[in-house]
Amino acid sequence: MDWSYIFAVMVTSAFGLQAIVFGLAAIGINVQFGYTGLLNFGQAAFMAVGGYSVAVVVVTFGWSFWVGVPIGILAAIILALILGIPTLRLRADYLAIVTIAAAEIIRLILRSVTFKEIFGGSDGRQAFADGFFAMNPFPDDAALRIGPAVINDQQLFTYTVGWSLIAIALLVVWLLVRSPWGRVIKGIREDEDAVRSLGKNVYAYKMQALVLGGVFGALAGFITAIGAQNVNPDVFKTDATFFAYAILILGGAARVFGPLLGTVIFWALFQGTDVFLRQGIDAGLPIISLMDGTQAAVLRVMLVGLGIMLLMIYRPQGILGDRKELALDAR
Amino acid sequence: MPDSTQDSVSKKDQATKALADVPREAGASKPDAILVVDHVKRSFGGLVAVDVEHVEIQRGAITALVGPNGAGKTTFFNLLTGFDSPDTGTWMFEGRDLAGMPSYRVARLGMIRTFQLTKALSKMTVIDNMRLGATGQIGERMFQALFGFLWRGQENSVSAKADELLTRFKLLEKKADFAGSLSGGQRKLLEMARALMTDPTMVMLDEPMAGVNPALTQSLLEHIKGLREEGMTVVFVEHDMDVVRDISDWVIVMAQGSVIAEGPPDEVMRNPAVIAAYLGGHHDRALTDTGVSFTQEASEA
């Protein structure tokens, strides 16, 4: 067992690409679900809309990468409006059903043969981030070494931008939830009729929260597209949404820094167990060596499911949560 | 406060005087109606829950809406305040047609309601509940909310106003507590105080005494009378006839969705149609002898 390698993997995962992407997605869900009580089960669709916007703009249309960014944000806003207009007047569970279905519809359109010319079918789109890396201030030979792991200059730039986006997103959420606006959405989470009876346009507030969370989802989509230099419909499966929920609940819903703490711990553990299990198999550890590497990869996804269940049962408020102000009874 | 007592008497007298010449009949027209309702009908499937031909609410008076269970009082409240929409009908509040208006806009026009099952936001603090009630807050707009200096001043004045109301409702020492930690009666008080944060012209209270312990009932009653003193119009749903008799200037009786009688409390309680609605037609002979036993049985119901 190479413990230093396992440790290095955990550290790089805790602050790596996936941690950034799902951190942003979870911040979006925190605004929607954590503070407003909106069950958006289609965050993957907002990520897909963001990621595909930059990819398609460059590869299919040959425009600049930087045109793709505002288009992606605009597309996320439009998607939120389309999902919200029919459902936000209804009970919370309708939004959940509509968003999870819409996310799958969008993913299936992206991978369909009919639109292969535009979206690239199941292969997705690659090599579109040159415009982004042209801005890279890090020299070609810059590299960050954490034990055996090496982070190159392009990754450094992606991570810098990604963590900056997280910082901005957290700042925005922090400012909003401390404002009268935040008070209204927290009121809506608990009892929207009470808020309505005081003359607040509940529908408009819910729409604003849905749009804001969706835009954070699109930012997550940008980072995953840039970091992998690849968008692919299967990156945006329903799993992506539930990973983000797992992260939010782990860190603590309705806490500004919940998604941040959640994503760091989640990815350290998720990738750490993978390396640990693989090394355990190689070292012939008892029980663990009954599996092969592929099975170990599946096992850790099962462990995520088990982890969500245990959290919901024993600590529904997450690590940072306040039991008194529990967000998880969204009706 | 001798002054306010003086005031209260005069406001009460004013209301009584204004209503003195109003005919004691369902749908009677009032000298100064703040709310005029016409042909409001709401059915759930085959059941007609509310079918009100015509009713008017006198400005500046306390009007009680009574009736046996299932009479449609709460549904009528929901319809008037935009929480439900009727099949047909119009109603004018201060000359404005409210039909089809969403509930939040009704509230912004100054017609504020409370709920039978108290809707204090229990996971928010008492003071945050109060602040939520204030209208026209700059910081409640999403982009302005990001910049504290734009709304901080207004927030301070909102908080000062909230403190004032909390003092009046004897909840000031609870201001930092979660509303969920309050007793049932305190929640009713909080809900009423929060409604006042909106500076309403008309307050609709749906069973303000339900679940309130007797010690608090009296203070709640005083607060409701206080609303009239301040010139507000109050409509409330209540089952307890003693309460109705004590504070209301006018009583509207509903049964099976319709208004069946109107009048000052003492007169309306002697109305045979009202007694029949509460206790069934066969009971009237036994009960006309003792008005008291009617009141008791009705309050038990």
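## Confidence

pLDDT is the predictor's confidence in each residue, on a scale from 0 to 100. The structure shown is a predicted model. In chain B, residues 1–5 have a pLDDT under 50, and the model gives this stretch 1 contact beyond four places in sequence. Residues 290–301 of chain B also have a pLDDT below 50; for this stretch the model has 19 contacts beyond near neighbours in sequence.

Averaged over chain B, the pLDDT is 86, and 90% of the residues score at least 70. For the complex, the predictor gives a pTM of 0.89 and an ipTM of 0.86.

## The sheet of chain B

Strands of a sheet pair through backbone hydrogen bonds, either parallel or antiparallel. In chain B, 4 strands form an open sheet with antiparallel pairing, in the order 2-1-4-5. Strand 2 (47–58) and strand 5 (96–97) of chain B are the edge strands, each pairing on one side only.

Strand 4 (residues 88–93) of chain B is joined to strand 5 of chain B by 2 bridges. B:Met92 has B:Asp97, in strand 5 of chain B, as its bridge partner.

Helix 2 (residues 73–80) of chain B lies across strand 1 (33–44), strand 2 and strand 4 of chain B. Helix 2 of chain B runs at about 65 degrees to strand 2 of chain B.

## The contact between the chains

Chain A contributes 25 residues to the contact and chain B contributes 28 residues. On the chain B side, the elements that each supply at least two residues are helix 3 (103–108), strand 6 (111–113), helix 4 (126–133), helix 5 (142–145) and helix 6 (148–168). By class, the side of chain B that touches chain A has 12 nonpolar, 10 charged and 6 polar residues.

Terms used
Residues numbered from 1 in each chain as written. Chains lettered and ligands numbered in written order. Predicted model: local features only at pLDDT ≥ 70, side-chain atom pairs only at ≥ 80, totals over all residues. Contact = placed C-beta atoms within 7 Å. Nonpolar A, V, L, I, M, F, W, Y, C, P; charged D, E, K, R; others polar. Pairing = 2+ DSSP bridges. Axes fitted to C-alpha atoms, helices over the stretch in contact; angles between N-to-C directions.
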